[in-house]
Amino acid sequence: MERKGPQVYSIAAHRGFADALVAGLLPRYSDLEVGLARLTLLLPSTRAVRTVSEAFIRLSGAGLLMPRMAVVGDLDLDETLGALLDPLGAGAAIPPAADPTRRLFKLAEFVGLEMADRESGAPRGAAQIRLARQIAMAIDRLLVENIDPEALWQERVLQVLADLSRHWLDNTRLFARVHARWRDNLRARGEIDAAARRNRLFARAAERWRAEPPATPIVAAGVTSAAPALAELLRVVSELPEGAVILPDLDLSMPDAVWDELGHAGAPDADPPLARGDAVTHPQYHLKLLLNRMGVARGEVQPWHRAGLGKGPPERSHAISNLFLPPEASKAWVSLPADKRRLSGVRLLETANPEEEAQAIALLVREALAEPEKRIAVVTPDRGLARRVVQHLRRWHIEADDSAGRPLSQTTAGRLFLLLAEVAAEQAAPVPLVALLKHPLVRMGEGRADWLDNARAFELALRGPRPAPGLESLRKDADAARTGAWWSEVEAILAPLLAEGSQRLADLLDTLVTAGEALCGTALWAREDGRALSMLVEDLRLHARETGFVIDPAELPAALREAMDQVAVRPPYGGHPRVAIYGLLEARMTRADLVICAGLNEGTWPATPSLDPLLAPPVLRALGVPGADFRIGLSAHDLAGLLGAPEVVLSRSERDVQGPAIPSRFLLRVKALLGRDLGKGHEDRETVALARALDDGEPAPLYPQPQPRPSAEQRLVRVSVTGLDRLRSDPYQFYASEILQLRDLDSLDAEPTPQWRGIAAHKVLETWHKTGRPMLEIADEVLAEMNHHPLTRALWRPRLIKALEWAEAEIAANPERMPTLIEQKGEWLYRGVTIRGKADRIDKLADGTLAVVDYKTGMPPSGRQVAEGYALQLGTTGLMLLNSAFKGLQGTATVFEYWSLAKSSKSDTGFGYISTPILTGNRRSGISLEDFLPEAQRYLDDALDRWILGEEPFTARLNPNVAGYDTFDQLMRLDEWQGRGGPA
């Protein structure tokens, strides 16, 4: 059969690629008997296969034998360029491809060998795997461009390297040495890199088809990867007797001068092939690069005249062409008539934040679904925004699946596996441990309720500062929670995880799997995320065992998370048939009646380019490899294709999760093209207003300052000496703690509080006073018994010891004072109310009177606080002594002291000092000794008369200027009424 020139076509953006493609293929290649079974379609991705298959179903009407569809390439280097082309029969003589996971571990091993002699040493664990992954990506990046990494030592590249900083030279040298080791390993195994094997497959296919054209038609559709080997294959396909290449959204109306302004784009006569001034961010640049590598002039490309079901207005393609004009050509916007700038059917949606944006998008989807047969696609690279839209749609019982999926690390099964790794890495730290024990997959079924009861009880006991590492230290908390039998089961499951020291990764994965199955059974692997996790773990385990990769358990969570982030878990089918939520990759070739392009902010769409950490941009340019900005052009082409839909909404939020956001350069171009006058007509303000009003209920009435008035029976509670201070300063705090009996819960892994330090100090002093044993020995015992993390104890122990040494010396220096009562509880029935307290220390003085001592780990109350009746602990304790409240001791107190264990410049040890609320010497605040107990009596009577025996409300923050507790600020909703004036 006679050869012909290249048959290359372009489907304009407004025609809808998949539907227009099928509309043209059906009359051209369909056979009455076999339908399209003779046709082979070469498509860029598995997603494209699904999209084209759906288009065939829509347009075929009756039954149809589908063409054979094979995946050959993709735009992004992160994705595979294609599966093996089995129908070609070209793979037998080509060596097999190296497994990518095995390559990752071997590269990590080689990184360790090459960096071992550096001063900083070789990276370990997750950092080592991360660097290996970057090297693997750099190798693939070169091989996809058909460049041997040995080309780094060409004269042109060496000249570039000579002008770069030292770290680029070191990184390039490391890459070259690691690759040399990897190449030798491949030769020994008789393998090649997957990218190299694909290149050989393409070359073999091109050679065979050129020599013996297939008897059946072959059409390459939507393949825009400019990889040289694939470009050569596409050239051959375009010249086959029944072959064709169909490109998406190639702008055939662009003037030649503008086309030339895009730059060299790999032209055969260009040196270098990719110049520094090339417009790599333009949406047509990668298509020009492909055509140049195919050896096809733009003038040889023919328009595809068929249109799809979801076609847009024809003038849209001209507007898109004008929208993305390069810098010089865009000057023509000034004189462009309005009809050339108008984007009919395109709306601009700007919201305040991502939540409002998702709400507005959900409203647009709901509104569009009211029209029969109308298809809607939400396209965004922001997976967080996509998940918000999915949740908002459920308001109307619309199930929409995010086809881009979620990273495995964010799924239920993936999170459980990471929690197991975190428990191992952090030696059963409270937060990951409790999260693991209460995970929804753990003990699913009939026994889960009992399991959760035990887990919750254990959590309550575990709250507070972090205990010592390991499971043994948690036994005390389990016994305190009365969950000993349950904890024994947990301990048996988790104990193998807590082995210390570096281990083989395969062995660690075995341990994680065993523990996971013991906790969850088959539920761990039952759903789509579990199956994806199973495949990943098996793959990692197989090749980690083969290579013997070793990792420290502390590095395991980070290493697993990075591996899981590479795996996207897509939902099973079953969402709404007319609603789709896509990422940029999934949206290519799709078409809907309404397309919502969301998340149009810089850093999202387009994404911030990431530089190759190993090969400098000038080096890549000299080799002819597209740089990081090349991906911006791909994002622009994605948007250009989506703009061809009948209805388009371009959406962004003024803020993202990190703060104020910058509008996408693409959106700014749209606004600039439209101009101020036309732009106002394209703004969709109604949807934003409706989104804001949707949840905008009646304003809640202002919350008043709380003033609870319990009954007389409820008021009659026992009053502690410290509670009396709280009652007078902030009655609501007393009401919540003593009448409602509420208690503040410590958080898990909490920072040590002053209360914790006070308990430790009081217990040491009590034991020392009662036994006379060495203070240091007692302190170590008490700190060990409190079972807190060694780091916490190590940080606070020196301060505690110095303060205790000061207290010991101070007591020894005053032999006339005899400590008589230590940490003694007492009760006093006064006016029908029980006053209770615990005296830290009562000393008997030489004259027979008593001294009341209160230990403080921080700053004691000021004299002013005492004088105003807000710190009456010492005075009330003195009244209790007068009234025989403490068993075995009764008398008059004449000395009242606070012994603070805080830092002091006057102390010999640097910690500890004594202060008194008694007005003596030059003190300007306090109460005189003769008035101290009478004043304490007066304040006590006042408190009893007003709140305990009276009817005065327990007003929140009655004395806002008094320093007090903030335990119940949230309960009193302080922020809602504070500052509005007095009580409401």
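The side chain of His 682 reaches the backbone oxygen of Val 346 at 2.6 Å, in a model that is predicted, where local features need pLDDT of at least 70, side-chain atom pairs count only at pLDDT 80 or more, and totals for chains, interfaces and linings use all residues. Residues are numbered from 1 along each chain as its sequence is written, and side-chain values use heavy atoms, with hydrogens and water left out.

**Around His 682**
- With a relative accessibility of 8%, His 682 counts as buried, a term that stands for under 20% relative accessible area with a 1.4 Å probe and protein chains only.
- Not counting residues up to four places away in sequence, His 682 touches Arg 342, Leu 343, Ser 344, Val 346, Arg 347, Leu 348 and Leu 674, contact being heavy atoms within 4.5 Å.

**Nonpolar cores**
- In the largest nonpolar core, which has 183 residues, Phe 417, Leu 420, Leu 494 and Leu 650 touch the most other members; such a core is a set of buried Ala, Val, Leu, Ile, Met, Phe, Trp, Tyr and Cys residues joined through side-chain atoms within 4.5 Å.
- Apart from this core lies another of 49 residues, including Leu 724, Val 866, Phe 886 and Ile 927.
- Leu 420 has among its contacts, not counting residues up to four places away in sequence, Leu 436, Leu 494 and Leu 497.

**Lining of the largest cavity**
- By class, this lining has 12 nonpolar, seven polar and five charged residues, where Ala, Val, Leu, Ile, Met, Phe, Trp, Tyr, Cys and Pro count as nonpolar, Asp, Glu, Lys and Arg as charged, and the others, Gly among them, as polar.

Technical notes
Buried means under 20% relative accessible area, exposed over 50%, partly exposed in between (1.4 Å probe, protein chains only). A polar contact is a pair of N or O atoms within 3.5 Å; within protein, one must be able to donate a hydrogen and the other to accept it, and residues adjacent in sequence count only if both atoms are side-chain atoms.
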